[in-house]
Amino acid sequence: MEFNRIYNANSDILLKQILGDGIKFDLILTDPPYNLMKDFGNNSDCQPLDEFLATTKERIALCRDLLKNHGSILWFGIHNYIGYIQTIMYEAGLNYRRMNIWHYKNNFSRTKSSPATQYEPFLWFSRSSDKWTYNADDVRVPYKSEERLKNPVYYKGNNGERKAWIPNPQGALRGDVWTYPTLAGKLFEKERTEHPTQKPESLFIDLIRAFCPKDVEGRYSGLILDPFHGSGTLGVCCEKLNKEGHNISWVGIELEKKWCDIAQARIDTIMK
Ligand SMILES: C[S@@+](CC[C@H](N)C(=O)[O-])C[C@H]1O[C@@H](n2cnc3c(N)ncnc32)[C@H](O)[C@@H]1O
């Protein structure tokens, strides 16, 4: 299999072939159909719930088997169904690491009968119970107050001794709420494509930084799979990081030729 390319294919078939070829991934970062009746040009988002869950179960089992021993899955979902999907992951024998939240503020409410949706959850499960990649220092965030950087914070250690906590000049360790705007509005006109559920590059770049293994020189160097590649955000973000000197290999699979063409055009623009 060639890496760093898009496959116009059905993941439910191609993933089995990849497994048969013995290829394993460090990270599966994917944003599958949420079953919210979106029009992707196919009926993948419009399944009766039992079919959606049965298909999801098969996909998660395949993804589990496609992970290296220290590999992880990041699986986006929606509040309606994420509980079912989390259960499927436990039942598949994967190891729970964290339910993360992609939080955004720049959406608008379509109804007054319930709160506006301002987040999408994404699950992090690892194949192993004791080995995984999380590059905490690569995704530090600014401290809430600059004052924090000026002075150590003193606290009592276990034996009552005075200890000093010194703020990290690179920022605070980030939490599990990832706040990045959606691609709505004029600000994101250039990044946005026709794809109805395109993810922001800012979010995917930081997820790759956080969860992709590195080589001894500190370059991101894992093999990443997105079996529901859509407009190609995963491939675009890997190639943007590779342009900075990283060495990420990736595979994107997408059923619809139209989205593959859009993804390829985005990648060609970066490679120019
Ligand atoms: C939520 S979108 C992914 C959006 C993507 N993250 C982006 O930023 O553009 C899900 C995609 O999965 C594709 N898809 C659905 N079923 C598929 C299948 N069996 N194999 C491959 N792709 C599929 C849909 O056509 C859709 O483009």
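Colleague: Is Met37 buried or exposed?

Modeller: This is a predicted model, in which local features need a pLDDT of at least 70 and side-chain atom pairs count only at pLDDT 80 or more, while totals for chains, interfaces and linings use all residues. Residues are numbered from 1 along each chain as its sequence is written. A residue is buried if 20 or more other C-beta atoms, placed from the backbone, lie within 10 Å of its own, exposed if 12 or fewer, and partly exposed in between. Because Met37 has 10 other C-beta atoms within 10 Å, Met37 is exposed.

Colleague: What value does the phi of Met37 take?

Modeller: Met37 is found in the loop between β2 (25-30) and α2 (49-65); helices (H or I, at least four residues) and strands (E, at least two) are DSSP runs, numbered from the N terminus. Although Met37 is not a glycine, its phi is positive, at about 65°.

Colleague: How does Asn4 count: buried, exposed or partly exposed?

Modeller: Asn4 belongs to the segment before β1 (5-8), and its phi, near 55°, is a positive value in a residue other than glycine. Since Asn4 has 15 C-beta neighbours inside 10 Å, it counts as partly exposed.

Colleague: Which residues does His229 touch, beyond those up to four places away in sequence?

Modeller: His229 lies in the loop between β9 and α6 (233-243), and it counts as buried because it has 27 C-beta neighbours inside 10 Å. Two residues are in contact if their C-beta atoms, placed from the backbone, lie within 7 Å. With residues up to four places away left out, His229 touches Ile6, Leu234, Gly235, Gly252, Ile253, Glu254 and Ala263.

Colleague: What distance separates the C-alpha atoms of Leu234 and Leu29?

Modeller: Leu234 lies in helix α6 and has 31 C-beta neighbours inside 10 Å, so it counts as buried. Its contacts outside four places in sequence include Leu29, Phe204 and His229. Leu234 and Leu29 are 205 residues apart along the chain, yet their C-alpha atoms are separated by 7.8 Å.

Colleague: Which residues come nearest to the ligand?

Modeller: A residue is near a molecule if its C-beta atom, placed from the backbone, lies within 6 Å of it. The elements giving two or more residues to the shell around the ligand are α1 (11-20) and β10 (249-254). Of the 22 residues around the ligand, those that come nearest are Ser44, Phe228, Gly230, Ser231 and Thr233.

Colleague: Which helix gives the most to the side of domain 1 that touches domain 2?

Modeller: The domain assignment, which is automatic or from a database, gives domain 1 (5-133 + 176-271) and domain 2 (134-175). Their C-alpha centres lie 31 Å apart, and 9 residues of domain 1 are in contact with 5 residues of domain 2. On the domain 1 side, the helix that gives the most, with 4 residues, is α5 (residues 201-211).

Colleague: Which element has the lowest mean pLDDT?

Modeller: The pLDDT is the predictor's confidence in each residue, from 0 to 100. The protein averages 96, and 100% of the residues score at least 70. Strand β9 (residues 223-226) has the highest mean among the elements, 99, whereas the lowest, 79, belongs to helix α4 (residues 147-150).
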